[in-house]
Amino acid sequence: MSEKNLPSHARVVIVGGGVMGVGLAYHLAHEGWGADTVLVEKAELTSGSTWHAAGQITHSTSSFGLGKCVDYNIGLYSGQLEAETGQPVTWHGCGSFRLAYTEDEMDWLRHTLSVGRSLGFNIELVGPEKVAELHPFYNLEGVLGALHTPDDGHVDPTNVTMAMAAGARQKGVRIFRSCRATNITQAENGEWVVETEQGTITCEHVVNAGGTYARQMGEWSGLQLPMTSMTHHYFVTEPVPEFQNLDTELPVIRDDRKVSGYIRMEQQRGLIGIYEKENPNSVWHDLCPWEYENWLFDADYDRVMPWLEESLNRMPIFAELGIQRDVHGAISHPPDGNPLIGPAPGVRNYWCCCGTQIGIGWGPGLTRELARWMVHGAADISMREFDPRRFGSYATKDWQVIKAEEDYCLRHEIPFPHFNRLEGRPIKPSPLYELLKSKGAVHEEVYGFERPRWFARDGVEQRDHYSFRRTPADDMAAAEVKAVRESVGIMDVTAFTKVDVTGPDAYALLDRLTANRMPQKVGSITLTHMLNRRGRIELETTIVRMADDRFYLVCAAFFEQRLLDHLEQQRAEEDVQVNALSADWSALSLNGPRSRDVLARCADADLTNAGFRWLSAQEVTIAGHKVWAFRMSYAGELGWELHMPNAACLDVYNALWAAGEAYGITDYGSFAMNVMRMEKGFKGAGELTNEVTLAEADVLRFARTDKDYLGKDKTLNTDLPWICAYLSIEPDGEIDGHGGEAVLLDGRVVGSTASVAYGHTVGKILAFAYLKPEAAKAGTQLEVVIHGQPRAARVLDKPAYDPDSLLPRSDAILETA
C-alpha cells in the first residue's frame with residue numbers, strides 16, 4: 001500500500017525506504033510522532049542495499065552500545081514485531097559461533113564474553129568439541145575455541161522492513177513509494193523543503209536515509225557526509241544433500257581468519273559470505289545512478305577466490321557443489337566503519353540515518369535511539385561513535401574512499417584495543433608532528449589531528465603493538481608517567497578543540513548553557529558541562545575568561561562540531577561571535593613537580609602561587625612569542641597548558657625542551673595522560689556521555705543550584721538508576737580490561753565499566769563503572785569480570801593518587817638545576 005497524495009507539510013520527512021529509513025519511521029511512530037511523519041522512497045521499499053543483505057545478526061560484539069542495539073533487534077525479530085503487526089519476518093534462531101585460531105583471537109572472545117555478561121547476553125566460550133557437536137560438517141583444524149551465542153540468527157531483510165512499515169502505518173506514518181526526492185534545501189525560516197517527483201513537502205525535520213545515495217543527497221544541502229559504497233559478495237550453493245534430513249538448522253559460523261566472513265544454511269543450500277582482505281572494490285565515488293533498483297554487480301571471482309577456496313576446505317560438503325546464485329551488491333562504509341546516526345554538522349534539524357554497513361544487524365536499535373534523540377533531545381545509549389559530527393572538513397571525498405576501502409579490509413580482523421587505522425594519514429599534522437615522529441612518537445588520529453600516543457625508547461620498535469594484554473607500549477607509557485610524576489613532561493595537545501566566543505552577550509549565552517559558575521574575573525578558569533534539554537551531558541569544557549567580553553573554550557577534539565552546533569542552535573538574540581581556532585592554534589601541556597622550574601627559565605612571569613594562582617590564565621612571552629598560559633593539569637600535577645598560534649609552537653617547544661633538559665624533561669603521549677587522569681580520578685569522555693546526567697556521572701560538584709541553565713531541572717534529579725563509581729581492581733598478570741566489562745555484587749551483575757587502565761604509580765587497575773546505587777557506595781567489595789574471569793574490586797571515595805589534590809596547587813620554591 002502507498003499513499004496517493006503527498007501532503008504539503010509534515011513535522012518529519014524521511015528520504016529513503018530501506019531498513020534504516022523504515023526503521024526510523026517505525027520508531028518515531030512509537031515515540032508519538034507517527035501522524036507527523038512522512039517517508040518517501042524513489043522506487044519500492046528495500047530496493048537499495050536492504051534487499052540483498054544476508055540478514056544475519058549476532059550478540060558477538062565488543063561494542064557496549066551496539067550490543068544494546070543487537071539485543072533489542074533480536075528480540076524484535078524473534079517475536080515482538082510479528083506479534084505487533086501480524087506480518088511475518090521469517091526469523092531463523094539458529095545461533096552462531098565465532099571461531100578463534102590464535103591466542104589473540106581467544107583474547108578477543110574472552111573480552112567479548114565479559115562485555116556480553118554485562119549486557120545479560122546468553123553467551124559462552126566453548127571448545128572445538130562443542131562446535132563439532134552442533135555443527136558436525138565444519139573442518140575445525142587449528143580451531144582453539146569459539147564464542148557461542150545461541151540466541152543469534154538471521155532474518156529475511158525484506159520481510160523485516162515490510163513488517164516495520166506496517167507497524168509505522170498502523171500508528172499514522174504515511175509512506176510514498178515511486179516518489180524520488182530531487183532536492184533538499186533549507187528555507188529562510190529554518191524549515192526544510194523536500195522536492196520530489198510527486199510534489200514538494202515542507203517539514204521541520206528532514207532525515208537522510210538514502211543508503212548508497214546518501215552522500216550525494218547530502219550535497220544537495222551543502223553537506224559533506226563521509227561514506228563510500230563498497231561491494232560485498234555472498235554465494236549460495238546448490239542444494240546440499242547432508243542438509244536434507246537435519247532436524248534443526250545449523251548455527252552460523254563466523255570464521256574471521258580462514259574465510260574472512262561467514263557460512264550458514266540458506267534453506268537446504270549453503271551460503272558463503274566473504275569480505276576479502278585485499279583489492280577491495282569501491283563504486284559510485286561521485287554518483288549512484290538514480291535508475292538503479294535491486295542492483296547487483298557481476299561476481300568478481302578472481303578477487304575473492306583465495307577465501308572462497310578456503311571456505312570449501314572448511315565446509316568439505318560444499319566442495320563438489322556448484323554455485324547456484326552469486327550476490328555482489330553495494331554497501332555504505334563510512335571512514336571508520338560506524339554508521340552516521342544523528343544531526344548533520346552545521347545545520348539544524350537535518351538528521352543522518354545512513355552509512356550503515358550492517359543495516360539488519362544494527363538498524364532497528366540505532367533508529368530507535370535516533371527517534372528518541374529527535375523527539376526527546378537525547379538518545380538512551382552513547383551515540384558518540386555514531387555521531388555524524390565526529391568528522392570535519394578534512395574528510396574529503398578522496399580521503400573517504402581511502403578510508404572506506406581500509407575499513408572494508410578490516411571488517412573481519414581482530415578489533416584490538418587502540419587499533420590505529422593508518423591509511424590516508426597524516427591529514428592534519430601539528431607543527432610538531434615531524435619533530436616528535438623523529439623522537440619516536442607513535443601517533444593516533446583524533447578528529448583528523450595527529451596526536452602522540454607514546455614514544456618508542458630503549459630499543460622498542462616505533463610502531464603499534466596490538467594485544468588485549470599489556471604491550472611494550474604500556475612499558476613506554478609507564479616510563480612517561482614516572483617521568484611526569486617525578487620531574488617534568490611535555491605533551492603536544494594541539495588536537496584539543498579551541499573555540500573563541502566574543503561579543504557583548506557572550507557571558508549571558510555561556511552562562512545559560514553551562515552548569516557551573518562562569519569565570520568572573522579576567523584570567524579565571526572554570527571547568528563545566530553543557531547539557532541538553534533532557535539534562536544529559538552534551539560535553540565537558542574548560543572556559544577561560546580572556547577579557548570582559550571574550551571567552552576561550554577548550555574541550556576534547558571530537559567535540560568541536562558538537563560544541564559549535566550547540567552554541568549556534570541554542571543562541572537566541574544574543575550578540576555573539578563564535579570562531580573555531582583549532583586549526584590555527586597549537587597547545588602544549590607541561591606537567592610535573594619541576595614544571596615551574598622549566599617555565600621560569602622561559603617565561604617572563606611570576607609563577608608562584610601569589611603571582612600565578614591555580615586555575616588562572618595569563619599571557620606570557622616565550623621565545624619571543626605571546627603565549628596564553630593556563631595553570632591547570634589533567635595529569636594531577638603542578639602544571640600549565642600553553643596555547644598559541646601555530647607559528648609559535650615549534651619555537652616554544654624547543655625553548656621549553658632546552659630549559660627542561662637539566663631536569664630530565666620527557667615527551668609523553670595520550671596513553672600516559674590517560675593513566676594519570678585515571679590515577680587522579682578525573683572522569684573523561686568515556687564517562688561523560690549523552691546517556692547520563694551530572695548526578696548520574698557523580699559530578700554534581702560542577703553544577704550550581706543558584707542559577708538557571710539548560711537541562712537544570714533534569715540533571716539535578718536524585719532518583720538515579722545508576723551512578724558512576726571509581727574502582728580499584730586487583731591486578732593479575734598482563735590483562736587489565738578495556739571497558740564494558742561486567743561488575744558483580746554478590747555474584748549478580750550490577751553494572752559495567754566505562755574506562756579501565758593500569759595505574760603504574762599506584763600498582764592497581766583503576767576503573768570508572770556505572771553501577772546500581774546500592775553497589776556504588778564507597779568501600780563496597782565487588783568483582784569485575786576481566787577476560788572472562790572475576791577480579792576483586794573495591795569502590796574508592798578518593799583518588800588513588802594524591803587524594804587531597806595538593807600537588808597541582810603546590811607552591812614549591814623555584815630551584816636551580
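User: Where is P426 found?
Analyst: In this predicted model, P426 is in the loop between helix 9 (397–409) and helix 10 (433–438).

User: And what kind of peptide bond joins R425 and P426?
Analyst: The bond between R425 and P426 is a cis peptide bond, with omega at about 0°.

User: Okay, other loops now. What is the phi of S178?
Analyst: Phi of S178 is near 50°, which is a positive value in a residue other than glycine. You can find S178 in the loop between strand 9 and strand 10 (181–186).

User: What about N294, where is that?
Analyst: N294 is in the loop between strand 17 (282–283) and helix 7 (301–314). Its phi is positive too, about 45°, although N294 is not a glycine. With a relative accessible area of 40%, N294 is partly exposed.

User: Let's switch to helices. At what angle do helix 2 and helix 8 cross?
Analyst: The axes of helix 2 (residues 64–85) and helix 8 (residues 359–376) cross at roughly 100° and come within 7 Å. So helix 2 is roughly perpendicular to helix 8.

User: Which residues meet there?
Analyst: From helix 2, the residues are L66, C69, V70, Y72, N73, L76 and Y77. On the helix 8 side, they meet I360, G361, W362, G363, P364, G365, L366 and R368. The contact residues divide into ten nonpolar, four polar and one charged.

User: Now helix 5. How far apart are its end C-alpha atoms?
Analyst: They are 20 Å apart.

User: Which of its residues are buried, and what covers them?
Analyst: The buried residues of helix 5 are P157, V160, T161, A163, M164, A165, A166, G167 and A168. Their cover includes helix 1 (19–33), helix 2, strand 8 (153–155), strand 9 (174–176) and helix 8.

User: Last topic: in what order do the strands run in the five-strand sheet?
Analyst: The order is 25-26-27-24-28, in an open sheet with antiparallel pairing. Strand 25 (525–531) and strand 28 (577–580) are the edge strands, each pairing on one side only.

User: How many bridges are there between strand 24 and strand 28?
Analyst: Strand 24 (residues 497–502) pairs with strand 28 over four bridges, in the antiparallel sense. For V499, the bridge partner in strand 28 is A580.

User: Which helix lies across these strands?
Analyst: That's helix 13 (residues 560–570), which runs at about 20° to strand 24.

Notes: Residues numbered from 1 in each chain as written. Predicted model: local features only at pLDDT ≥ 70, side-chain atom pairs only at ≥ 80, totals over all residues. Heavy atoms only, no water. Axes fitted to C-alpha atoms, helices over the stretch in contact; angles between N-to-C directions. Helix = DSSP H or I, 4+ residues; strand = E, 2+ residues; numbered from the N terminus. Parallel < 35°, antiparallel > 145°, perpendicular 65-115°, else oblique. Contact = heavy atoms within 4.5 Å. Nonpolar A, V, L, I, M, F, W, Y, C, P; charged D, E, K, R; others polar. Pairing = 2+ DSSP bridges. Expected span 1.5 Å × (residues − 1). Buried < 20%, exposed > 50% of the residue type's maximum accessible area, 1.4 Å probe, protein only.
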